[in-house]
Amino acid sequence: MQPKVITLKVNGRRHAVASMPNVTLLYALRDLGYTDVKNGCEKGDCGACAVLLNGKAVNSCLVLAWQADGAEIVTNAGLGTLDRPHPLQAAFADTGAIQCGYCTPGMLISAKALLDATPHPSDGEIREALSGNLCRCTGYDHIIEAVQLAAERMGE
Ligand code: FES
Ligand code: FES
């Protein structure tokens, strides 16, 4: 099997990558330096590797890099910067929704996809949207609070 040159469009930047057919998007992104995409379980259980693929939250460990050829990919680093954080990123910091932070990039991606589709979600809708993202540290309540706060601020 030969590598194929694919185009990964990540956070507005285009990368031409020679990729083998069995390489996951998770590995391709981390090899490109997008280490904000976390490797947790590699089997779709934890959500740490979530990215937006054409606007939809997916676990990048379950997507082959070839399947993302030409698609628009957004990682947590593409949502905002330290100087100009996305309201979700700011709300996570403000509410103490980040402890070790390993789950945070994936949580933020799932939360972003939720607010894009449902700008004012209920508590239950937030919990449902984040149900594929596991956190070992926070007990989830601060994370739910952070998404509610971001939704409020974005609606102002
Ligand atoms: S690393 Fe992809 S879901 Fe856990
Ligand atoms: S903050 Fe540590 S796993 Fe969520």
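Visitor: Which residues of α3 meet α6?
Guide: Both helices are DSSP runs, numbered from the N terminus (H or I, at least four residues; strands are E, at least two). Contact means heavy atoms within 4.5 Å. On the α6 side, the partners are H142, I143, E145, A146, V147, L149, A150, R153 and M154. Facing them in α3 are P87, L88, A90, A91, F92, D94 and T95.

Visitor: What kind of model is this?
Guide: Residues are numbered from 1 along each chain as its sequence is written, with chains lettered from A and ligands numbered from 1 in the order written. Side-chain values use heavy atoms, without hydrogens and water; local features need pLDDT of at least 70, side-chain atom pairs count only at pLDDT 80 or more, totals for chains, interfaces and linings use all residues, and the model is predicted.

Visitor: At what angle do α3 and α6 pack, and how are they described?
Guide: Helix α3 covers residues 87-95, and helix α6 covers residues 141-155. Their axes (lines fitted to C-alpha atoms over the stretch in contact) are 8 Å apart, and the angle (0 to 180 degrees between N-to-C directions) is about 135°. Under 35 degrees is roughly parallel, over 145 roughly antiparallel, 65 to 115 roughly perpendicular and the rest oblique.

Visitor: How many residues in the contact of α3 with α6 are nonpolar?
Guide: Ala, Val, Leu, Ile, Met, Phe, Trp, Tyr, Cys and Pro count as nonpolar, Asp, Glu, Lys and Arg as charged, the others, Gly among them, as polar. The contact of α3 with α6 includes 3 charged and 2 polar residues. Its nonpolar residues number 11.

Visitor: Which residues of α3 touch α4?
Guide: α3 and α4 have axes 10 Å apart and an angle of about 125°, so they are oblique to each other. From α4, the contact takes T104, M107, L108, A111, K112 and L115. By class it has 6 nonpolar, 2 polar and 1 charged residues. The α3 side consists of L88, Q89 and F92.

Visitor: How many of the residues of α4 are buried?
Guide: Buried means under 20% relative accessible area, exposed over 50%, partly exposed in between (1.4 Å probe, protein chains only). In α4 (residues 104-117), the buried residues are T104, P105, G106, M107, L108, I109, S110, A111, K112, A113, L114 and L115. The helix is therefore largely enclosed by the rest of the structure, with a buried count, out of 14, of 12.

Visitor: Which residues does S110 touch?
Guide: S110 sits in helix α4. Its relative accessibility is 9%, so S110 counts as buried. Leaving out residues up to four places away in sequence, S110 touches A57, A129, L130 and N133.

Visitor: How far apart in space are C100 and C135?
Guide: C100 belongs to the loop between α3 and α4. At 56% relative accessibility, C100 is exposed. In sequence, C100 and C135 are 35 residues apart. In space, C-alpha to C-alpha, the distance is 9.3 Å.

Visitor: What is the phi of N11?
Guide: N11 is in the loop between β1 (4-10) and β2 (13-19). It is partly exposed, at 26% relative accessible area. Most residues other than glycine have a negative phi. For N11 the value is positive, near 50°.

Visitor: What is the phi of E42?
Guide: E42 lies in the loop between α1 (25-31) and β3 (50-53). With a relative accessible area of 40%, E42 is partly exposed. Its phi is positive, though E42 is not a glycine, and is near 60°.

Visitor: Is N54 buried or exposed?
Guide: N54 is in the loop between β3 and β4 (56-59). Not counting residues up to four places away in sequence, N54 touches A71 and E72. Its relative accessible area is 55%, so N54 is exposed.

Visitor: How far apart in space are N54 and D94?
Guide: D94 is one of the α3 residues that meet α6. N54 and D94 are 40 residues apart in sequence. Their C-alpha to C-alpha distance is 29 Å.

How values were computed: The expected span of a helix is 1.5 Å times one less than its number of residues.
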